[in-house]
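Hi everyone, thanks for making time for this. I'd like to walk you through one structure, going slowly enough that we can find each part on the screen together. Here it is.

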Amino acid sequence: MSVGVNISVCSSYPSFALSSSSTDFFTPSSSFYVDRKILQPVSGRLRCKSYEKRRTEPILAVKESSRVPELDSSSEPVQVFDGSTRLYISYTCPFAQRAWIARNYKGLQNKIELVPIDLKNRPVWYKEKVYEANKVPALEHNNKVMGESLDLIKYIDTNFEGPSLTPDGLEKQAVADELLAYTDSFSKAVRSSLNGTDSNAADATFDYMEQALSKFSEGPFFLGQFSLVDVAYAPFIERFRLILRDVLNVDITSARPNLALWIQEMNKMEAYTETHQDPKELVERYKRRVQAEARL
Ligand SMILES: N[C@@H](CCC(=O)N[C@@H](CS)C(=O)NCC(=O)O)C(=O)O
(Lines give C-alpha, C1' and ligand atoms only; values in the text may rest on other atoms or scores of the structure.)
Protein backbone atom coordinates (compact mmCIF):
# COMPACT_ATOMS: atom_id res chain seq x y z
CA MET A 1 0.00 0.00 0.00
CA SER A 2 1.34 3.43 -0.82
CA VAL A 3 0.30 6.16 1.53
CA GLY A 4 0.37 9.91 1.01
CA VAL A 5 0.70 12.34 3.89
CA ASN A 6 -1.53 15.28 4.69
CA ILE A 7 0.58 18.31 3.99
CA SER A 8 -0.14 21.63 5.59
CA VAL A 9 0.40 24.61 3.31
CA CYS A 10 3.08 27.14 4.21
CA SER A 11 0.72 29.72 5.56
CA SER A 12 -1.11 27.44 7.95
CA TYR A 13 1.49 25.70 10.03
CA PRO A 14 0.88 25.53 13.74
CA SER A 15 3.15 26.39 16.67
CA PHE A 16 4.41 23.51 18.73
CA ALA A 17 5.83 22.44 22.03
CA LEU A 18 7.25 19.00 22.55
CA SER A 19 7.72 16.82 25.56
CA SER A 20 10.79 15.22 27.03
CA SER A 21 9.37 11.69 27.17
CA SER A 22 12.00 9.13 26.32
CA THR A 23 9.66 6.83 24.45
CA ASP A 24 9.92 8.66 21.19
CA PHE A 25 12.87 9.83 19.20
CA PHE A 26 11.32 13.21 18.47
CA THR A 27 11.74 14.31 22.00
CA PRO A 28 14.99 15.86 23.12
CA SER A 29 15.90 16.30 26.74
CA SER A 30 14.31 19.72 26.92
CA SER A 31 11.09 21.23 25.62
CA PHE A 32 11.23 22.77 22.21
CA TYR A 33 8.92 24.60 19.92
CA VAL A 34 8.45 25.39 16.29
CA ASP A 35 7.91 29.00 15.47
CA ARG A 36 7.13 30.87 12.29
CA LYS A 37 10.66 32.17 11.91
CA ILE A 38 12.13 28.75 11.24
CA LEU A 39 10.04 28.47 8.09
CA GLN A 40 12.31 31.04 6.55
CA PRO A 41 14.51 29.72 3.74
CA VAL A 42 17.84 28.25 4.73
CA SER A 43 20.38 28.35 1.92
CA GLY A 44 17.37 28.78 -0.33
CA ARG A 45 16.29 25.22 0.27
CA LEU A 46 13.96 25.21 3.25
CA ARG A 47 11.08 26.57 1.29
CA CYS A 48 7.46 25.82 0.67
CA LYS A 49 6.94 23.28 -2.08
CA SER A 50 3.96 22.99 -4.35
CA TYR A 51 1.14 21.37 -2.41
CA GLU A 52 -0.25 19.73 -5.55
CA LYS A 53 3.07 18.12 -6.42
CA ARG A 54 3.63 16.66 -2.97
CA ARG A 55 0.05 15.68 -2.39
CA THR A 56 0.13 13.19 -5.25
CA GLU A 57 3.54 11.71 -4.50
CA PRO A 58 3.42 8.36 -2.70
CA ILE A 59 5.85 8.31 0.19
CA LEU A 60 6.37 4.88 1.65
CA ALA A 61 4.95 1.44 1.42
CA VAL A 62 3.80 -0.02 4.73
CA LYS A 63 3.43 -3.72 5.43
CA GLU A 64 1.62 -4.38 8.63
CA SER A 65 -0.52 -7.42 7.95
CA SER A 66 1.99 -9.97 9.22
CA ARG A 67 3.00 -8.10 12.36
CA VAL A 68 2.81 -9.93 15.65
CA PRO A 69 0.85 -8.08 18.35
CA GLU A 70 2.76 -6.05 20.94
CA LEU A 71 3.15 -7.41 24.45
CA ASP A 72 1.77 -5.18 27.19
CA SER A 73 1.29 -5.14 30.94
CA SER A 74 -1.32 -7.90 30.69
CA SER A 75 0.95 -10.28 28.73
CA GLU A 76 2.53 -13.37 30.25
CA PRO A 77 6.31 -13.08 30.63
CA VAL A 78 8.43 -14.62 27.89
CA GLN A 79 10.59 -17.59 28.91
CA VAL A 80 13.84 -15.65 29.03
CA PHE A 81 17.03 -17.70 28.55
CA ASP A 82 15.22 -20.76 27.23
CA GLY A 83 17.69 -20.90 24.34
CA SER A 84 15.68 -18.72 21.96
CA THR A 85 17.15 -15.64 20.39
CA ARG A 86 14.80 -12.69 20.70
CA LEU A 87 14.86 -9.13 19.51
CA TYR A 88 12.71 -6.88 21.68
CA ILE A 89 11.48 -3.86 19.78
CA SER A 90 8.72 -1.32 19.59
CA TYR A 91 7.11 -0.80 16.20
CA THR A 92 7.43 2.94 16.65
CA CYS A 93 11.03 3.17 17.87
CA PRO A 94 13.67 4.19 15.31
CA PHE A 95 16.50 2.72 17.41
CA ALA A 96 14.72 -0.62 17.49
CA GLN A 97 14.02 -0.32 13.78
CA ARG A 98 17.77 -0.38 13.14
CA ALA A 99 18.15 -3.81 14.72
CA TRP A 100 14.99 -5.05 13.03
CA ILE A 101 16.30 -4.02 9.57
CA ALA A 102 19.65 -5.75 10.22
CA ARG A 103 17.85 -8.94 11.28
CA ASN A 104 15.67 -8.87 8.16
CA TYR A 105 18.50 -8.04 5.77
CA LYS A 106 20.52 -10.98 6.99
CA GLY A 107 17.56 -13.30 6.53
CA LEU A 108 17.33 -14.14 10.23
CA GLN A 109 13.54 -14.08 10.49
CA ASN A 110 13.52 -17.71 11.66
CA LYS A 111 16.57 -17.38 13.90
CA ILE A 112 15.77 -14.16 15.75
CA GLU A 113 12.25 -13.95 17.08
CA LEU A 114 10.76 -10.47 17.06
CA VAL A 115 9.13 -9.50 20.36
CA PRO A 116 7.31 -6.17 20.07
CA ILE A 117 6.66 -4.33 23.32
CA ASP A 118 4.03 -1.68 23.96
CA LEU A 119 6.20 1.03 25.49
CA LYS A 120 3.23 3.01 26.72
CA ASN A 121 1.92 0.04 28.68
CA ARG A 122 5.09 -1.94 29.29
CA PRO A 123 5.03 -5.33 30.97
CA VAL A 124 6.66 -5.03 34.41
CA TRP A 125 8.57 -8.22 33.76
CA TYR A 126 10.40 -6.59 30.85
CA LYS A 127 12.58 -4.51 33.20
CA GLU A 128 12.72 -7.18 35.88
CA LYS A 129 13.49 -10.23 33.79
CA VAL A 130 14.66 -9.09 30.39
CA TYR A 131 16.42 -5.76 30.19
CA GLU A 132 17.08 -3.66 33.23
CA ALA A 133 17.50 -0.50 31.19
CA ASN A 134 13.83 -1.01 30.28
CA LYS A 135 14.38 0.21 26.73
CA VAL A 136 14.16 -1.16 23.26
CA PRO A 137 15.88 -2.51 21.31
CA ALA A 138 17.31 -5.38 23.32
CA LEU A 139 18.68 -8.65 22.01
CA GLU A 140 18.54 -11.89 23.97
CA HIS A 141 21.23 -14.25 22.70
CA ASN A 142 23.40 -16.92 24.29
CA ASN A 143 22.01 -16.28 27.79
CA LYS A 144 22.74 -12.58 27.63
CA VAL A 145 20.63 -9.53 26.97
CA MET A 146 22.24 -6.54 25.35
CA GLY A 147 21.06 -3.18 24.13
CA GLU A 148 22.12 -0.05 22.25
CA SER A 149 21.06 -0.10 18.65
CA LEU A 150 24.42 0.69 17.05
CA ASP A 151 26.10 -2.04 19.09
CA LEU A 152 23.28 -4.43 18.21
CA ILE A 153 23.48 -3.99 14.47
CA LYS A 154 27.23 -4.69 14.62
CA TYR A 155 26.63 -7.65 16.90
CA ILE A 156 23.95 -9.11 14.66
CA ASP A 157 26.20 -8.65 11.67
CA THR A 158 29.22 -10.37 13.18
CA ASN A 159 27.52 -13.11 15.18
CA PHE A 160 24.96 -14.38 12.69
CA GLU A 161 24.97 -15.73 9.17
CA GLY A 162 23.71 -13.84 6.14
CA PRO A 163 25.02 -11.10 3.87
CA SER A 164 27.59 -8.85 5.51
CA LEU A 165 26.75 -5.32 6.55
CA THR A 166 30.37 -4.49 7.33
CA PRO A 167 32.28 -2.67 4.60
CA ASP A 168 35.37 -4.13 2.96
CA GLY A 169 38.63 -2.25 3.20
CA LEU A 170 40.15 0.25 5.55
CA GLU A 171 38.96 3.33 3.72
CA LYS A 172 35.31 2.32 3.86
CA GLN A 173 35.63 1.19 7.44
CA ALA A 174 37.02 4.58 8.42
CA VAL A 175 34.15 6.35 6.63
CA ALA A 176 31.67 3.99 8.28
CA ASP A 177 33.09 4.77 11.73
CA GLU A 178 32.89 8.48 11.05
CA LEU A 179 29.28 8.30 9.84
CA LEU A 180 28.17 6.03 12.66
CA ALA A 181 29.73 8.41 15.17
CA TYR A 182 27.80 11.26 13.57
CA THR A 183 24.28 9.78 13.99
CA ASP A 184 23.50 11.60 17.25
CA SER A 185 24.79 14.91 15.92
CA PHE A 186 22.60 14.42 12.87
CA SER A 187 19.46 14.00 14.98
CA LYS A 188 20.41 16.90 17.23
CA ALA A 189 20.93 19.17 14.24
CA VAL A 190 17.49 18.42 12.83
CA ARG A 191 15.89 18.93 16.24
CA SER A 192 17.61 22.24 16.69
CA SER A 193 15.97 23.47 13.50
CA LEU A 194 12.64 22.15 14.72
CA ASN A 195 13.04 23.92 18.03
CA GLY A 196 14.18 27.15 16.48
CA THR A 197 17.56 27.28 18.18
CA ASP A 198 19.42 26.90 14.89
CA SER A 199 17.40 27.26 11.74
CA ASN A 200 20.41 26.38 9.53
CA ALA A 201 21.30 23.17 11.28
CA ALA A 202 18.93 20.81 9.46
CA ASP A 203 19.94 22.12 6.09
CA ALA A 204 23.63 21.82 6.93
CA THR A 205 23.27 18.28 8.24
CA PHE A 206 21.36 17.14 5.16
CA ASP A 207 24.06 18.75 3.01
CA TYR A 208 26.54 16.65 4.94
CA MET A 209 24.44 13.56 4.16
CA GLU A 210 24.34 14.52 0.50
CA GLN A 211 28.09 14.88 0.40
CA ALA A 212 28.64 11.64 2.28
CA LEU A 213 26.47 9.85 -0.28
CA SER A 214 28.74 11.04 -3.09
CA LYS A 215 31.91 9.38 -1.72
CA PHE A 216 31.59 5.93 -3.30
CA SER A 217 30.22 5.69 -6.80
CA GLU A 218 29.60 1.95 -7.15
CA GLY A 219 26.15 2.16 -5.61
CA PRO A 220 23.57 4.56 -4.18
CA PHE A 221 24.33 3.74 -0.52
CA PHE A 222 26.64 5.53 1.91
CA LEU A 223 29.53 3.16 1.27
CA GLY A 224 28.46 2.23 -2.25
CA GLN A 225 27.13 -1.13 -1.15
CA PHE A 226 24.39 -1.46 1.49
CA SER A 227 25.91 -1.42 4.99
CA LEU A 228 25.49 -0.71 8.70
CA VAL A 229 25.55 3.00 7.89
CA ASP A 230 22.36 2.81 5.81
CA VAL A 231 20.73 0.74 8.54
CA ALA A 232 21.69 3.31 11.18
CA TYR A 233 20.36 6.33 9.29
CA ALA A 234 17.28 4.95 7.54
CA PRO A 235 14.80 5.10 10.47
CA PHE A 236 15.79 8.67 11.26
CA ILE A 237 15.85 10.00 7.71
CA GLU A 238 12.45 8.34 7.19
CA ARG A 239 10.98 10.18 10.17
CA PHE A 240 12.69 13.53 9.70
CA ARG A 241 11.68 13.58 6.06
CA LEU A 242 8.03 13.18 6.95
CA ILE A 243 8.04 15.60 9.86
CA LEU A 244 10.01 18.32 8.12
CA ARG A 245 7.79 17.97 5.11
CA ASP A 246 4.53 18.09 6.99
CA VAL A 247 5.39 20.56 9.70
CA LEU A 248 7.83 22.92 8.00
CA ASN A 249 7.04 22.29 4.32
CA VAL A 250 10.64 21.38 3.74
CA ASP A 251 11.63 18.84 1.13
CA ILE A 252 14.95 17.39 2.25
CA THR A 253 15.57 15.90 -1.20
CA SER A 254 15.27 19.21 -3.01
CA ALA A 255 18.60 19.87 -4.79
CA ARG A 256 20.01 16.74 -3.16
CA PRO A 257 19.97 14.09 -5.91
CA ASN A 258 22.10 11.59 -3.96
CA LEU A 259 19.73 11.67 -1.02
CA ALA A 260 16.71 11.37 -3.31
CA LEU A 261 18.25 8.32 -4.98
CA TRP A 262 19.22 6.80 -1.63
CA ILE A 263 15.63 7.09 -0.39
CA GLN A 264 14.33 5.64 -3.63
CA GLU A 265 16.69 2.65 -3.44
CA MET A 266 16.10 2.09 0.27
CA ASN A 267 12.39 1.95 -0.43
CA LYS A 268 12.99 -0.98 -2.78
CA MET A 269 14.50 -3.08 0.00
CA GLU A 270 12.03 -5.38 1.67
CA ALA A 271 14.23 -5.76 4.73
CA TYR A 272 13.61 -2.07 5.30
CA THR A 273 10.10 -1.50 3.92
CA GLU A 274 8.79 -4.26 6.21
CA THR A 275 9.77 -2.07 9.13
CA HIS A 276 8.08 1.11 7.96
CA GLN A 277 5.55 2.86 10.06
CA ASP A 278 2.46 4.23 8.40
CA PRO A 279 3.60 7.78 7.53
CA LYS A 280 0.23 9.27 8.28
CA GLU A 281 0.16 7.66 11.72
CA LEU A 282 3.72 8.76 12.37
CA VAL A 283 2.94 12.38 11.61
CA GLU A 284 -0.36 12.29 13.50
CA ARG A 285 1.29 10.78 16.55
CA TYR A 286 3.85 13.55 16.44
CA LYS A 287 1.16 16.19 16.24
CA ARG A 288 -0.87 14.63 19.04
CA ARG A 289 2.20 14.70 21.26
CA VAL A 290 2.86 18.29 20.37
CA GLN A 291 -0.73 19.30 21.07
CA ALA A 292 -0.74 17.46 24.39
CA GLU A 293 2.41 19.26 25.42
CA ALA A 294 1.01 22.60 24.35
CA ARG A 295 -1.86 22.08 26.79
CA LEU A 296 0.46 21.56 29.75
N1 LIG B 1 20.60 4.71 22.79
C2 LIG B 1 19.56 3.74 22.71
C3 LIG B 1 18.22 4.47 22.72
C4 LIG B 1 17.05 3.50 22.87
C5 LIG B 1 15.79 4.25 23.25
O6 LIG B 1 15.82 5.40 23.75
N7 LIG B 1 14.64 3.61 23.04
C8 LIG B 1 13.40 4.21 23.48
C9 LIG B 1 12.28 3.96 22.47
S10 LIG B 1 12.57 4.79 20.93
C11 LIG B 1 12.95 3.53 24.76
O12 LIG B 1 13.05 2.35 24.91
N13 LIG B 1 12.43 4.32 25.68
C14 LIG B 1 11.86 3.81 26.87
C15 LIG B 1 12.34 4.50 28.09
O16 LIG B 1 13.32 5.24 28.01
O17 LIG B 1 11.75 4.30 29.13
C18 LIG B 1 19.75 2.90 21.45
O19 LIG B 1 20.41 3.36 20.51
O20 LIG B 1 19.28 1.75 21.41
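Let's begin with two strands. Strand β5, residues 86-89, pairs with β7 in the antiparallel sense, and three bridges link the two. If you look for Arg-86, you'll see that Glu-140 in β7 stands opposite. Before we go further, please keep in mind that this is a predicted model.

Now stay with β7 and look at its other partner. Strand β8, residues 144-147, also pairs with β7 in the antiparallel sense, this time over four bridges. Here Leu-139 has Met-146 in β8 as its bridge partner. The two strands β7 and β8 make a hairpin, with two residues between them. In that turn you can find Asn-142, which has a positive phi of about 50 degrees.

Which residues of β7 are buried on each side? On one side they are Ala-138 and Glu-140, and on the other Leu-139 and His-141, so both faces of this strand, residues 138-141, are covered.

Next, please find helix α6, residues 183-194. This helix has twelve residues, and from the first C-alpha to the last it reaches 17 Å, close to the 16 Å expected at 1.5 Å a residue. How many of its residues are buried? Nine of the twelve are, so α6 is largely enclosed by the rest of the structure. Among the buried ones are Phe-186, Val-190 and Leu-194, and the list also includes Arg-191 and Ser-192. Just after α6 comes Gly-196, with a positive phi of about 85 degrees.

Asp-251 sits between α8 (228-248) and α9 (257-266). Is Asp-251 buried or exposed? Its relative accessible area is 10%, and buried means under 20%, so Asp-251 counts as buried. The side chain of Asp-251 also makes a polar contact of 2.7 Å with the side chain of Thr-253.

Finally, let's zoom out to the whole chain. There are eleven helices and eight strands. The chain has 296 residues, and 54% of them count as buried. Of the contacts with a separation of 6 or more, 74% are between residues 24 or more positions apart.

Terms used. Residues are numbered from 1 along each chain as its sequence is written. This is a predicted model: local features need pLDDT of at least 70, side-chain atom pairs count only at pLDDT 80 or more; totals for chains, interfaces and linings use all residues. Side-chain values use heavy atoms; hydrogens and water are left out. Buried means under 20% relative accessible area, exposed over 50%, partly exposed in between (1.4 Å probe, protein chains only). Two strands pair if DSSP finds at least two bridges between them. The expected span of a helix is 1.5 Å times one less than its number of residues. Contact means heavy atoms within 4.5 Å. A polar contact is a pair of N or O atoms within 3.5 Å; within protein, one must be able to donate a hydrogen and the other to accept it, and residues adjacent in sequence count only if both atoms are side-chain atoms.
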